[in-house]
Amino acid sequence: MKPIVRHSLGLLLTAACAAVWVLTTGMARRELLTRTCQGKGKLQVTVTDSLERRFVARADVQEWLDKEYGAYAGLPLDSVDLTRIEKLICSHSAVRDCEAWITDDGVLHVELSQRQPVIRLEDGQNACYADETGFLFPLQSRGSVKVPVVCGKIPFPLQKGFKGYLEEPDKAQWLGQVIALFQYMEGTVWEKDIQKVLVRGDGELVLYPVQGKEEFLFGPPVRIPEKFHLLTAYYRSVVPSKEPGYYTKVDLRYRKQLVCKK
(Lines give C-alpha, C1' and ligand atoms only; values in the text may rest on other atoms or scores of the structure.)
Protein backbone atom coordinates (compact mmCIF):
# COMPACT_ATOMS: atom_id res chain seq x y z
CA MET A 1 0.00 0.00 0.00
CA LYS A 2 1.33 3.38 -0.96
CA PRO A 3 2.30 5.70 1.92
CA ILE A 4 -0.15 8.38 0.89
CA VAL A 5 -3.04 5.87 0.86
CA ARG A 6 -1.99 4.46 4.21
CA HIS A 7 -1.85 8.00 5.63
CA SER A 8 -5.30 8.82 4.25
CA LEU A 9 -6.79 5.66 5.77
CA GLY A 10 -5.22 6.59 9.10
CA LEU A 11 -6.81 10.01 8.99
CA LEU A 12 -10.18 8.53 8.09
CA LEU A 13 -9.94 6.04 10.96
CA THR A 14 -9.03 8.78 13.42
CA ALA A 15 -11.89 10.93 12.21
CA ALA A 16 -14.30 8.02 12.50
CA CYS A 17 -13.19 7.29 16.09
CA ALA A 18 -13.58 10.94 17.00
CA ALA A 19 -17.06 11.02 15.52
CA VAL A 20 -18.06 7.91 17.44
CA TRP A 21 -16.69 9.40 20.67
CA VAL A 22 -18.57 12.67 20.15
CA LEU A 23 -21.75 10.78 19.32
CA THR A 24 -21.57 8.42 22.29
CA THR A 25 -20.57 11.20 24.68
CA GLY A 26 -23.47 13.29 23.49
CA MET A 27 -25.84 10.37 23.89
CA ALA A 28 -24.49 9.65 27.38
CA ARG A 29 -24.89 13.30 28.28
CA ARG A 30 -28.46 13.39 27.00
CA GLU A 31 -29.20 10.15 28.85
CA LEU A 32 -27.78 11.64 32.05
CA LEU A 33 -29.95 14.69 31.67
CA THR A 34 -33.07 12.59 31.16
CA ARG A 35 -32.42 10.40 34.22
CA THR A 36 -33.71 11.95 37.44
CA CYS A 37 -33.20 11.49 41.14
CA GLN A 38 -35.78 9.33 42.89
CA GLY A 39 -37.95 10.59 45.73
CA LYS A 40 -37.48 10.24 49.48
CA GLY A 41 -39.14 6.85 49.44
CA LYS A 42 -36.02 5.55 47.69
CA LEU A 43 -33.49 7.34 49.93
CA GLN A 44 -30.86 4.91 51.23
CA VAL A 45 -29.20 5.86 54.54
CA THR A 46 -26.41 3.83 56.13
CA VAL A 47 -25.21 4.67 59.65
CA THR A 48 -21.97 2.71 59.87
CA ASP A 49 -21.83 2.62 63.69
CA SER A 50 -25.52 2.30 64.50
CA LEU A 51 -24.95 -0.75 66.71
CA GLU A 52 -22.71 1.31 69.04
CA ARG A 53 -24.93 4.38 69.38
CA ARG A 54 -28.18 5.52 67.84
CA PHE A 55 -28.10 9.28 67.64
CA VAL A 56 -29.06 9.45 63.95
CA ALA A 57 -31.70 7.51 62.02
CA ARG A 58 -32.89 7.55 58.43
CA ALA A 59 -35.86 9.72 59.44
CA ASP A 60 -33.48 12.40 60.71
CA VAL A 61 -31.54 12.52 57.46
CA GLN A 62 -34.77 12.74 55.49
CA GLU A 63 -35.99 15.60 57.68
CA TRP A 64 -32.69 17.48 57.28
CA LEU A 65 -32.84 17.13 53.52
CA ASP A 66 -36.45 18.27 53.37
CA LYS A 67 -35.89 21.33 55.56
CA GLU A 68 -32.38 22.38 54.63
CA TYR A 69 -31.83 21.19 51.07
CA GLY A 70 -35.29 21.24 49.57
CA ALA A 71 -36.68 19.17 46.73
CA TYR A 72 -34.30 16.84 44.97
CA ALA A 73 -36.74 14.28 43.59
CA GLY A 74 -37.18 14.69 39.85
CA LEU A 75 -33.99 16.68 39.35
CA PRO A 76 -31.51 15.50 36.70
CA LEU A 77 -28.79 13.42 38.32
CA ASP A 78 -26.07 15.97 37.65
CA SER A 79 -28.21 18.77 39.15
CA VAL A 80 -28.22 17.31 42.68
CA ASP A 81 -25.53 19.08 44.74
CA LEU A 82 -23.93 16.20 46.61
CA THR A 83 -21.29 18.40 48.23
CA ARG A 84 -23.99 20.61 49.71
CA ILE A 85 -25.86 17.56 50.98
CA GLU A 86 -22.73 16.26 52.70
CA LYS A 87 -22.03 19.64 54.32
CA LEU A 88 -25.55 20.10 55.64
CA ILE A 89 -25.65 16.60 57.13
CA CYS A 90 -22.20 17.09 58.73
CA SER A 91 -23.43 20.38 60.24
CA HIS A 92 -25.52 18.37 62.69
CA SER A 93 -23.66 17.86 65.92
CA ALA A 94 -23.91 14.08 66.24
CA VAL A 95 -22.53 13.46 62.72
CA ARG A 96 -18.77 12.97 62.43
CA ASP A 97 -18.49 12.55 58.66
CA CYS A 98 -20.71 11.83 55.69
CA GLU A 99 -20.59 10.77 52.04
CA ALA A 100 -23.40 11.11 49.51
CA TRP A 101 -23.73 9.68 46.00
CA ILE A 102 -26.36 8.79 43.42
CA THR A 103 -26.46 5.46 41.62
CA ASP A 104 -27.49 5.04 37.98
CA ASP A 105 -31.02 4.11 39.02
CA GLY A 106 -31.46 7.58 40.51
CA VAL A 107 -31.31 6.52 44.16
CA LEU A 108 -29.66 8.95 46.59
CA HIS A 109 -27.33 7.19 49.03
CA VAL A 110 -26.06 8.73 52.28
CA GLU A 111 -23.48 7.01 54.45
CA LEU A 112 -22.49 8.60 57.74
CA SER A 113 -20.72 7.93 61.02
CA GLN A 114 -21.59 9.41 64.41
CA ARG A 115 -19.51 11.15 67.02
CA GLN A 116 -18.36 8.95 69.91
CA PRO A 117 -18.74 10.65 73.31
CA VAL A 118 -16.08 9.82 75.89
CA ILE A 119 -17.41 11.94 78.77
CA ARG A 120 -20.54 13.80 79.77
CA LEU A 121 -20.18 17.26 81.32
CA GLU A 122 -22.82 18.63 83.73
CA ASP A 123 -22.86 21.94 85.61
CA GLY A 124 -26.25 21.64 87.30
CA GLN A 125 -28.09 23.52 84.56
CA ASN A 126 -26.81 22.26 81.24
CA ALA A 127 -25.05 19.16 80.00
CA CYS A 128 -23.18 18.09 76.90
CA TYR A 129 -20.93 15.39 75.50
CA ALA A 130 -17.25 15.64 74.57
CA ASP A 131 -15.55 13.31 72.12
CA GLU A 132 -11.90 12.24 72.29
CA THR A 133 -10.76 15.29 70.31
CA GLY A 134 -12.39 17.75 72.72
CA PHE A 135 -15.32 18.51 70.41
CA LEU A 136 -18.37 19.47 72.50
CA PHE A 137 -21.87 18.67 71.31
CA PRO A 138 -25.34 18.57 72.89
CA LEU A 139 -27.05 15.56 74.37
CA GLN A 140 -29.17 13.95 71.68
CA SER A 141 -32.93 13.59 71.65
CA ARG A 142 -32.55 10.23 69.95
CA GLY A 143 -30.49 7.69 71.85
CA SER A 144 -27.98 8.04 74.65
CA VAL A 145 -24.58 6.63 75.53
CA LYS A 146 -23.41 5.58 78.97
CA VAL A 147 -20.15 7.44 79.58
CA PRO A 148 -18.39 8.75 82.70
CA VAL A 149 -19.85 11.93 84.16
CA VAL A 150 -17.84 15.04 85.03
CA CYS A 151 -19.99 17.41 87.08
CA GLY A 152 -19.76 20.41 89.38
CA LYS A 153 -17.84 23.62 88.78
CA ILE A 154 -16.87 23.09 85.15
CA PRO A 155 -14.35 25.87 84.33
CA PHE A 156 -16.26 27.02 81.26
CA PRO A 157 -19.97 27.61 80.59
CA LEU A 158 -21.93 24.76 79.07
CA GLN A 159 -23.99 26.73 76.59
CA LYS A 160 -27.20 25.06 75.53
CA GLY A 161 -26.97 23.82 71.96
CA PHE A 162 -23.27 24.62 71.60
CA LYS A 163 -21.18 22.43 69.32
CA GLY A 164 -17.52 22.83 68.50
CA TYR A 165 -14.13 23.26 70.12
CA LEU A 166 -13.26 25.58 73.00
CA GLU A 167 -11.41 28.67 71.78
CA GLU A 168 -9.63 29.58 75.03
CA PRO A 169 -6.35 27.61 75.17
CA ASP A 170 -6.37 27.13 78.95
CA LYS A 171 -9.91 25.76 78.97
CA ALA A 172 -9.23 23.52 75.98
CA GLN A 173 -6.13 22.24 77.76
CA TRP A 174 -8.12 21.45 80.92
CA LEU A 175 -10.72 19.55 78.91
CA GLY A 176 -7.99 17.63 77.10
CA GLN A 177 -6.43 16.65 80.42
CA VAL A 178 -9.76 15.40 81.78
CA ILE A 179 -10.30 13.36 78.63
CA ALA A 180 -6.76 11.97 79.01
CA LEU A 181 -7.69 10.94 82.57
CA PHE A 182 -10.48 8.70 81.31
CA GLN A 183 -8.44 7.47 78.37
CA TYR A 184 -5.79 6.35 80.85
CA MET A 185 -8.45 4.26 82.63
CA GLU A 186 -9.59 2.50 79.45
CA GLY A 187 -8.94 -1.22 79.57
CA THR A 188 -8.14 -1.16 83.30
CA VAL A 189 -10.14 -1.99 86.42
CA TRP A 190 -10.71 1.74 86.90
CA GLU A 191 -12.74 2.02 83.70
CA LYS A 192 -15.77 0.47 85.37
CA ASP A 193 -14.98 1.42 88.95
CA ILE A 194 -14.63 5.21 88.45
CA GLN A 195 -17.70 6.57 86.70
CA LYS A 196 -18.12 9.98 88.30
CA VAL A 197 -15.76 12.92 88.75
CA LEU A 198 -16.66 16.06 90.68
CA VAL A 199 -15.01 19.40 89.89
CA ARG A 200 -14.68 21.47 93.06
CA GLY A 201 -14.81 25.26 93.23
CA ASP A 202 -11.03 25.45 93.25
CA GLY A 203 -10.91 23.45 90.01
CA GLU A 204 -9.56 20.27 91.61
CA LEU A 205 -11.09 16.88 90.90
CA VAL A 206 -12.66 14.34 93.23
CA LEU A 207 -13.11 10.76 91.97
CA TYR A 208 -15.97 8.58 93.19
CA PRO A 209 -15.88 4.78 92.90
CA VAL A 210 -18.91 2.69 92.02
CA GLN A 211 -18.19 0.44 95.02
CA GLY A 212 -17.31 2.06 98.31
CA LYS A 213 -17.89 5.49 99.82
CA GLU A 214 -14.40 6.96 99.54
CA GLU A 215 -13.72 10.32 98.00
CA PHE A 216 -10.42 10.27 96.11
CA LEU A 217 -8.93 13.77 96.09
CA PHE A 218 -7.19 13.85 92.72
CA GLY A 219 -6.33 17.52 92.41
CA PRO A 220 -5.82 18.97 88.92
CA PRO A 221 -5.82 16.45 86.03
CA VAL A 222 -2.04 16.14 85.87
CA ARG A 223 0.50 13.43 86.89
CA ILE A 224 -2.22 10.93 86.07
CA PRO A 225 -0.18 7.67 86.08
CA GLU A 226 1.51 8.60 89.36
CA LYS A 227 -1.81 9.25 91.10
CA PHE A 228 -3.32 6.00 89.87
CA HIS A 229 -0.25 4.20 91.18
CA LEU A 230 -1.11 5.61 94.62
CA LEU A 231 -4.73 4.57 94.16
CA THR A 232 -3.62 1.03 93.36
CA ALA A 233 -1.44 1.04 96.48
CA TYR A 234 -4.45 2.09 98.56
CA TYR A 235 -6.53 -0.89 97.44
CA ARG A 236 -3.67 -3.35 97.70
CA SER A 237 -2.07 -2.29 100.97
CA VAL A 238 -4.52 -0.19 102.98
CA VAL A 239 -7.99 -1.59 102.31
CA PRO A 240 -7.16 -5.21 103.30
CA SER A 241 -5.92 -4.06 106.71
CA LYS A 242 -9.02 -2.06 107.62
CA GLU A 243 -12.71 -2.74 107.96
CA PRO A 244 -14.91 -1.71 105.01
CA GLY A 245 -15.60 2.00 104.88
CA TYR A 246 -12.93 2.84 107.43
CA TYR A 247 -11.57 5.74 105.39
CA THR A 248 -13.81 8.27 103.67
CA LYS A 249 -11.19 10.53 102.07
CA VAL A 250 -8.07 9.40 100.25
CA ASP A 251 -5.70 12.15 99.14
CA LEU A 252 -3.70 11.39 95.97
CA ARG A 253 -2.36 14.90 95.39
CA TYR A 254 1.05 14.54 96.99
CA ARG A 255 4.07 13.02 95.29
CA LYS A 256 4.87 9.51 96.56
CA GLN A 257 2.55 10.03 99.51
CA LEU A 258 -0.86 8.59 100.27
CA VAL A 259 -2.94 10.40 102.90
CA CYS A 260 -6.05 8.66 104.24
CA LYS A 261 -8.66 10.27 106.48
CA LYS A 262 -11.70 8.93 108.31
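I located Lys 256 in the loop between strand E11 (249–251) and strand E12 (259–261); helices (H or I, at least four residues) and strands (E, at least two) are DSSP runs numbered from the N terminus. The model is predicted, so that local features need pLDDT of at least 70 and side-chain atom pairs count only at pLDDT 80 or more, while totals for chains, interfaces and linings use all residues. Residues are numbered from 1 along each chain as its sequence is written, and side-chain values use heavy atoms, with hydrogens and water left out.

I noted a positive phi of about 55° at Lys 256, which is not a glycine. Most residues other than glycine have a negative phi. Lys 256 is exposed, with a relative accessible area of 83% (buried is under 20%, exposed over 50%, partly exposed in between; 1.4 Å probe, protein chains only).

I next looked up Arg 223, in the loop between E10 and helix H6 (224–238). Arg 223, also not a glycine, has a positive phi of about 50°. Its relative accessible area is 24%, which makes Arg 223 partly exposed.

I then turned to Glu 214, in the loop between strand E9 (205–209) and strand E10 (215–219). Glu 214 is buried and has no salt bridge (a side-chain nitrogen of Lys or Arg within 4 Å of a carboxyl oxygen of Asp or Glu). The nearest side chain of opposite charge, Lys 213, is 8.6 Å away; Lys and Arg count as positive, Asp and Glu as negative, and His and the chain ends are not counted.

I recorded that beyond four places in sequence, Glu 214 is in contact with residues including Leu 207, Tyr 234 and Val 250 (heavy atoms within 4.5 Å).
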